[in-house]
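Please examine the sequence and the structure shown below. The report that follows considers selected side chains, their surroundings and the confidence of the model.

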Amino acid sequence: MALILRFEQLLLFSLCLTLVPFESNADLSLIFGNMTLFNVNFKSPAWLGRSIPVSNNVRIDSDVDPNILEDSHLNTYGLIKKYGYPAENYTVVTDDGYKLTLHRIARPGATPVLLVHGLLDSSATWVMMGPGKALGYLLYEQGYDVWMANVRGNTYSRGHIKYTHNHAKYWDFTFHEMGVHDIPSSIDFILNKTGFPQLHYVGHSQGTVVFWIMGSERPEYMKKIIYMQALAPVAYLQHCKSPVVNFLAEVHSSVSFILKLIGVHEFLPQNEFIVMFNQLICDETTITKEICSNVIFLTTGFDKSQLNETMLPVVVGHAPAGASTKQMQHFGQLRRSGAFRQFDYGWLRNHWRYNSITPPEYKLENVQAKVALYYGENDWLAQPSDVEALSLHLPNVVSQHLVNYPKFNHLDFIWGVDARELLWDRMLSNMKSIDREQLGDNLTA
C-alpha cells in the first residue's frame, strides 16, 4: 500500500508539471501545514528537458555526463574498483542475526579506520564524490586501511538469518540496536581480519549517535578505539531546526499510529522506481534541480555554495539508502524530550521493558575514548548549542572545532566542495598527531 500511495503522489506531481503553460511563468510550491518546503518559479519549461519513451525499459535522455550516470548506478564496491583502488567487501553477522556489509579500500598492514555513515545513507557516501573529493579515498592516500560500515536496513545490509526485509519483525529496530550490535560486530570483524588491537573511528551524524550508544551500553569497546572523530555529532536535539525532525516530534503519536495501521515499516525504501524519479528531477540539466536541492537540504540546512549540483544524480542514485520508521520515530522522540535516551514505548511498555515509566538515558560518562567534535553553524540537526551540551557530558573530548565558515551545513561534512580545506585537513592532522602520540607511548611502555 505504501508503494501505491507513493506512486500516486509521483503521478500527481508529474501531472502538475505537465499542466504548466509552456509560454508562461508559473510557480510550484509544496506547503506542509504552515511550512513551505520549496517554492520554485518555472520559466517556459520543456518536458523536464528530456524524453521518456513508454517502453519496457524506462530511458531518460539528457545531457548528463555519462561518467556521472554510470557512477549513479554503481554500488560502493563498483565505484572503488572503477577508480583504480583496491576494493573488497565482507559480510558480518551480528549477534542478533542481521547480515551487514563492510566495504574496504584495502591497505593491508596499515592502521584501520572505520567510517560510519549517517541517517538514510550508506558506505557510498565516503566515495561517491570521486578521488580527490571524497574522504574515503583521501584517508587511503594518507596511508590508512579504510573500512566503511553499513548499518542494518540500508541498501547493503538487508539480510537476516531468520527474517526477510519484507517481514515486519526485520524492521523492529532503531539506532539503539545499531550501537549495541552493528558497530561492535563490525569493529570485532575488522580487528580480527587485520590483527590490529585498535582502530580509528570517523562517524557522521547518526554514525556518531551509534558510537555514543556503543560507549554507553558496551563500554568495553572504548579500549578498541584509537580516536573517535565526530562529524556533525548528534545526541541532544533540543535546538534542532530540521522541519522533518521537528514534525516527527510534534505529531509522534499520530505518525506512529498511521504507519502501523498501513503496515509501513521501512522509511523511504530504495528501489529502481524511486531512483529513476529522483534522477529525473535532480539532473543538472533540468529546471527542477532547485526542487531537488531544497528537498535534500530539508532535514539538514541550506548551503548551495558547497553542493556540487552536477553530482546530484550520483547522490540520489545512492541515497536515501533506507531506514526503519521506528528509527525515524526515535529521532522525533529525542527532539520532543530534549534528552538522549532509549526508545519510548509508552509508560506501560516502558515499565515492562525498562522497569521505569520513562526510557533510561544513555550513559555518556562511559564514552571514555578520545573524541574530537566538529560542527557547523548552519547545521539544522547538530546545532552548536546542542553539540556544546554534548561535549559537557563526554569525559574525554580532546578537540572541539566549529568550522570556520558560517554556512557550513550537515551534508557539507561529507559532500562539501571545500570540505578538505575547511575540515578534512584538520582531521588528518589530528589523526597523525594521535598516531605519533600513541607510537611514543608504545615505545616508552
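## A salt bridge between Asp 172 and Lys 326

In this predicted model, the side chains of Asp 172 and Lys 326 form a salt bridge with an N to O distance of 2.8 Å. A salt bridge is a side-chain nitrogen of Lys or Arg within 4 Å of a carboxyl oxygen of Asp or Glu. Asp 172 belongs to the loop between E7 and H5, while Lys 326 belongs to helix H12 (residues 325-337), so the pair ties together parts that are 154 residues apart in sequence. Helices (H or I, at least four residues) and strands (E, at least two) are DSSP runs, numbered from the N terminus.

Lys 326 is buried, with a relative accessible area of 11%, whereas Asp 172 is partly exposed at 38%. Buried means under 20% relative accessible area, exposed over 50%, and partly exposed in between (1.4 Å probe, protein chains only). Asp 172 also meets the side chain of Lys 169 in a salt bridge, at 3.8 Å from N to O. Lys 169 is partly exposed, with 42% relative accessibility.

## Other salt bridges

How many salt bridges does a search of the whole structure find? The search finds 16. One of the pairs consists of Lys 370 and Glu 437, whose side chains meet at 2.5 Å, N to O. This pair links distant parts of the chain, 67 residues apart: Lys 370 is in the loop between H13 and E12, and Glu 437 is in helix H16 (residues 419-444). Lys 370 is partly exposed at 25% relative accessibility, and Glu 437 is partly exposed at 38%.

Elsewhere, Glu 70, Asp 71 and Lys 82 are joined in a network of salt bridges. Side chains of opposite charge can pair when their charged atoms come close.

Arg 158 lies in the loop between E6 and strand E7 (159-160). Is Arg 158 buried or exposed? Arg 158 counts as buried because its relative accessible area is 19%. Its side chain makes a polar contact with the side chain of Glu 266 at 3.0 Å. A polar contact is a pair of N or O atoms within 3.5 Å; within protein, one must be able to donate a hydrogen and the other to accept it, and residues adjacent in sequence count only if both atoms are side-chain atoms.

Leaving aside neighbours within four places in sequence, the residues in contact (heavy atoms within 4.5 Å) with Arg 158 include His 165, Tyr 170 and Trp 171. His 165, in the loop between E7 and helix H5 (175-194), is partly exposed at 32% relative accessibility. The C-alpha atoms of His 165 and Glu 266 are separated by 8.9 Å, although these residues are 101 residues apart along the chain.

## Confidence and conventions

The protein chain has an average pLDDT (the predictor's confidence in each residue, from 0 to 100) of 83, and 75% of the residues score at least 70. Over residues 1-61, pLDDT stays under 50. Where pLDDT is low, the predicted coordinates should not be read in detail.

Residues are numbered from 1 along each chain as its sequence is written, and side-chain values use heavy atoms, with hydrogens and water left out. As this is a predicted model, local features need pLDDT of at least 70 and side-chain atom pairs count only at pLDDT 80 or more, while totals for chains, interfaces and linings use all residues.
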